[in-house]
Amino acid sequence: MALVDIQVPDIGDFDEVAVIELLVKPGDVVKAEQSLITVESDKASMEIPSSQAGIVKELKVKLGDKVKQGSVIVVIEGQGAQAATPAIAPASAPAPAAAPASAPAAAAPVAAPLAVGPVGIIDIRVPDIGDFKDVAVIELLAKPGDAIKVEQSLITVESDKASMEIPSSTAGVLKELKVKIGDKINIGDVIALMEGAAAAAAPAAAPSPAPAAQPAVAALSSASAPVASAPAVPAHQPGAATAGLPHASPSVRKFARELGVPLAEVKGNGPKGRITNEDVQNFTRAVMAGAVQTQAQAAKAPAGGGDGAGLGLIPWPKVDFAKFGPIERKEMSRIKKISGANLLRNAVMIPAVTNHDDADITDLEAFRVSTNKDNEKSGIKVTMLAFLIKACVAALKKFPEFNSSLDGDALVYKNYWHIGFAADTPNGLMVPVIKDADKKGILQISQEMSELAKKARDGKLSPAEMSGATFTISSLGGIGGRYFTPIINAPEVAILGVCKSTMEPVWNGKEFVPRLMLPLSLTWDHRVIDGAAAARFNAYLGQILGDFRRVLL
């Protein structure tokens, strides 16, 4: 056996840095350049990679140890030992013809993890997705014949609280999908057969899957409010200032990105509050279990189904509708349950007032039409909503209280301008967010809106793409209507409702002339904003839409 000492390489001008995370354990198969441990100085954290592929035989360090350049951290049985390790076969290496006879042994606990080369059929199983049974397959993301990468999603499953994507644990060619839409699956079930290198399946130490080794990639869709963690995995306080980036190593950040988990919402339980892989997994399980604030509200107070007792109201009427005629009962979608609970809370708790006004967009609409003609080849279609987003940013900068949030008895003024826009989807209302809209042009905003709206319709929006908004626009322009009263999306303090523009006669001082008028409905939180400020905001917004050159001022 060729044993190789893996040493700490040149990590710069650092001496005696602390080991804060062990990324492998004895028996693990590692690749060259795979991270083994994470170390941290008083300035930064970094991962120490392996210079050799092989099997981890011994860890020479533990959490809290201090290491420096040249310190031995791991002993690895290197690839040079391959010829001497012919799997579990008794004597000589098996000939190809003997493969069928040894097939049952292939599922035995130990295999030649580094015997790369032969191609075999690998079972892809459902990894650890938390304490869930019989989750439904709602989408097939690959088909037989597709070339699949490691961690590429194969199917989407859904519990009664959230949906998640199940990734492939190995790369190869998809030979067969063992499930279809509507099937119920559990941890360990075979969902696909993959033709790939035998080494890809080797890390599995037993016939049953190692659940914690391949956590599912969760698409933790939510309503417009950011997802918060369960009491057991408490989230940060929404109004509290976050000092810098979440305290997590690069590998944990990558893991969180794959799961779609917003690290800023995860409570770290590692040294010095560091977020670990286990913290991220617990957060994911908490969301899937519905043990989060927004989803718990949805379960306890679905829209229209609350009894009003908590507000001191008379009970909600209980009616046997079937005695009056035929009925059909359909469960509300998960998104509607979540958004319904949020809307109810916001409508009840926020003293909201709405101002209605009209903006003359005759010239702006002409400019929009000509812009689309000039940009036909680009494939980017500019909508009036893109101009509205840019105009709202200018108004928010002039009236910063509209870009704030209440935090107890204080106001938090945000020096960033993230604009949410309500998107109507087959599953219900969702609110994607254009981040840093102040730094983007109309064409870029239009393109991002198109991409986000498509992801919303397809149910592919991540929590990060629906969180962080400072102001929201709800547009019914493509449908119709005149005015309406949108509900504020807490913790924001205002929302703009927009209806369909109409051509109207407008008096210019001498005569009536036809002008294209856009109805605006601005709803605002009276605890933060007064009527005069709201009137000025609407008037200024109308001036910008009437002469878009004001955006440049």
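**Exercise 1. State what share of the chain's residues is buried.**

Solution. Of the chain's 553 residues, 42% count as buried, meaning under 20% relative accessible area with a 1.4 Å probe and protein chains only. The model is predicted: local features need pLDDT of at least 70, side-chain atom pairs count only at pLDDT 80 or more, and totals for chains, interfaces and linings use all residues. Residues are numbered from 1 along each chain as its sequence is written, and side-chain values use heavy atoms, with hydrogens and water left out.

**Exercise 2. Give the strand order of the open sheet of four strands and identify its edge strands.**

Solution. Step one: the order is β5-β4-β2-β7, with antiparallel pairing. Strands here are DSSP runs of E, at least two residues long, numbered from the N terminus; two of them pair if DSSP finds at least two bridges between them. Step two: β5 (45-49) and β7 (66-67) each pair on one side only, which makes them the edge strands. Step three: β4 (residues 35-40) pairs with β5 in the antiparallel sense over five bridges. Within this pairing, Thr38 has Glu47 in β5 as its bridge partner.

**Exercise 3. Locate His418 and decide whether His418 is buried or exposed.**

Solution. Step one: His418 lies in the loop between β19 (410-413) and β20 (419-421). Step two: its relative accessible area is 11%, so His418 is buried. Step three: leaving aside neighbours within four places in sequence, the residues in contact with His418 (heavy atoms within 4.5 Å) include Val433, Asp436, Gly468 and Phe471. Step four: the His418 side chain reaches the backbone nitrogen of Asp436 at 2.9 Å.

How values were computed
Buried < 20%, exposed > 50% of the residue type's maximum accessible area, 1.4 Å probe, protein only. Polar contact = N/O pair within 3.5 Å; in protein donor to acceptor, adjacent residues only side chain to side chain.
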